Amino acid sequence: MSFFSYAWDWVTTSANWQGSDSIPQQIIAHLGYTVLPLLIAALIGIPLGVAIGHTGRGAVLVVNLANAWRAIPTLGLLILLAVYLGFSILTWLIPLVVLAIPPIIINAYEGVAGVDPDVKDAAKGMGMTPWQQVTRVELPIALPLLLVGLRTATIFVVATATIAAYIGLGGLGRFIIDGLASNDYGPVAGGALLVVLLAVLVLALFAVLNRLVVPVGLRKQAELGRTE
Amino acid sequence: MIWSWIPQNWSLIWQLTWENAKLGVLSALYGLIISLPLGIIAARWRWVYPPTLAVVNVVYAVPSLALWIALIPAFGLTDTTVIIGLTAFSLCVILPNVVEGLRAVPAPVRQAATAMGYGATRRLVMVELPLAAPVIIGGLRVGVVASISLASLGQLIGVSSLGYLFIDGLQRSFPTEIYVGLVCVIVLAVICDLLLVGVRRVLTPWQPRRQVALAQWPGLQRVALRRGAA
């Protein structure tokens, strides 16, 4: 049997949808692990990226640091914190925030730094204060790339929240880790399929968000200007 | 931190580091090898790119662990499973950079090459690819760093990597082992990253150093070129 038949059989077994630790509960737990780290990473990453993009100060350093930052293995950090802190919120929160920050900073930075210099000059020439230049001109133009950064971060976090189960937490990883431990491929495949579906749902959500908030003229640029 | 643990387990650490490096570096290289022809096609025939990018975005969203799990029935709990999954991931990072890099070659440069009698293939190899190299290598850097880091997850499906030190460290509640694993993964990734910076300097000696630092990033490269043209 292939991956899909295993996954399909497991997902469509009604017993898996009822009781404690059922599929709906673990999906909710998984989303719980996703939202908070993203919020925190956005609160740190967006202002920082925008500030660097606006001033141009520290750009080379941050851009290079962000790449090395990606090297931090989330599983290792998670386990290290688990050994010291046990089951505290910080144990899963810190690794996921660490994971989500680089794509948010890089894209916020690129979005703002990439604003046409003529447009920036025009904003300045109209007598806008630096704050007005950022909030009224640079941020709206940077919005498509900002969304790309948030989307990438969300996908990373949804994918990686899976391994929170390794230290005994809930979420869709529960099925994968438990299944692997007991050599039962059904829940492993089913859990993996659900994580993929969740990630694709995130893509769709951001596509809709893009349509809602980004001005038409900027959309094309966002589609082609993808950076991770 | 129990320092004496490190020399006592030197051969284990070395072996795991080597295995982790092999998984990560091979995946990034395969990703590059597949990206180059695909990217060249997508840069030349523009209509190919949007659908390719859509597929790439979806594949990129598939978690590595989930992809490995899907590959288990075909390839088992082996290096092959891990490498195929990570190759798909690196491909998604590198391919857009190949296309962006080739497209960013200024039209006058291309026309000059043609006027000098370069055919399409020679122009691609001698002019366009070298000019796109910084952007392509920028993508490769992200690919190799992420692959090395993700390869440590391979241990979850039983494929030997530095992730072993995390898992064993957790089971024994032994932080030293976890620290060693973390440091090894990060150092390994940073070394590969720096090696690629070196490769880029060798391949593109015409670029002034400061501009090179900026040109590693595709967006900046685009910006730099756009500003240069204006």
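**Two chains and their contact**

Mentor: Chain B has 11 helices and 0 strands, where helices (H or I, at least four residues) and strands (E, at least two) are DSSP runs numbered from the N terminus. The model is predicted, so local features need pLDDT of at least 70 and side-chain atom pairs count only at pLDDT 80 or more, whereas totals for chains, interfaces and linings use all residues. Residues are numbered from 1 along each chain as its sequence is written, and chains are lettered from A and ligands numbered from 1 in the order in which they are written.

Trainee: What is the secondary structure of chain A, and what pattern does chain A follow along the sequence?
Mentor: Chain A comes to 10 helices and 0 strands. Read along the sequence, its pattern is therefore written with helix symbols, as helices and strands are DSSP runs numbered from the N terminus. The pattern is α-α-α-α-α-α-α-α-α-α.

Trainee: What percentage of the residues of chain B is buried?
Mentor: A residue is buried if 20 or more other C-beta atoms lie within 10 Å of its own, exposed if 12 or fewer, and partly exposed in between, with C-beta atoms placed from the backbone. Chain B has 230 residues, and its C-alpha atoms fill a box of roughly 65 × 40 × 25 Å along the principal axes. The buried share of chain B is 48%.

Trainee: Is B:Ile148 buried or exposed?
Mentor: B:Ile148 is placed in helix H7 (residues 120–151) of chain B. Around B:Ile148 there are 31 other C-beta atoms within 10 Å, and therefore the residue is buried.

Trainee: Which residue of chain A does B:Ile148 touch?
Mentor: Two residues are in contact if their C-beta atoms, placed from the backbone, lie within 7 Å. Not counting residues up to four places away in sequence, B:Ile148 touches residues of chain B including B:Asn20, B:Gly24, B:Val185 and B:Cys192. From chain A, B:Ile148 touches A:Ala71.

Trainee: How is H7(B) oriented relative to H9(B)?
Mentor: The axes of H7(B) and helix H9 (residues 175–203) of chain B come within 9 Å and cross at roughly 170°. Axes are lines fitted to C-alpha atoms, for helices over the stretch in contact, and angles run from 0 to 180 degrees between N-to-C directions. Angles under 35 degrees count as roughly parallel, over 145 as roughly antiparallel, 65 to 115 as roughly perpendicular and the rest as oblique. H7(B) is therefore roughly antiparallel to H9(B).

Trainee: How many nonpolar residues does the contact of H7(B) with H9(B) have?
Mentor: Among the residues that meet are B:Ile137, B:Leu140 and B:Val144 in H7(B), and B:Leu188, B:Leu196 and B:Val199 in H9(B). Ala, Val, Leu, Ile, Met, Phe, Trp, Tyr, Cys and Pro count as nonpolar, Asp, Glu, Lys and Arg as charged, and the others, Gly among them, as polar. The contact has 1 polar and 3 charged residues, and its nonpolar residues number 15.

Trainee: Which element gives the largest share of the side of chain A that touches chain B?
Mentor: The contact takes 38 residues from chain A and 42 residues from chain B. The side of chain A divides into 27 nonpolar, 7 polar and 4 charged residues. The largest share, 9 residues, comes from H9(A).

Trainee: Is A:Asn183 buried or exposed?
Mentor: A:Asn183 lies in the loop between H8 and H9 of chain A, and its phi is positive, near 55°. With 7 C-beta neighbours inside 10 Å, A:Asn183 therefore counts as exposed.
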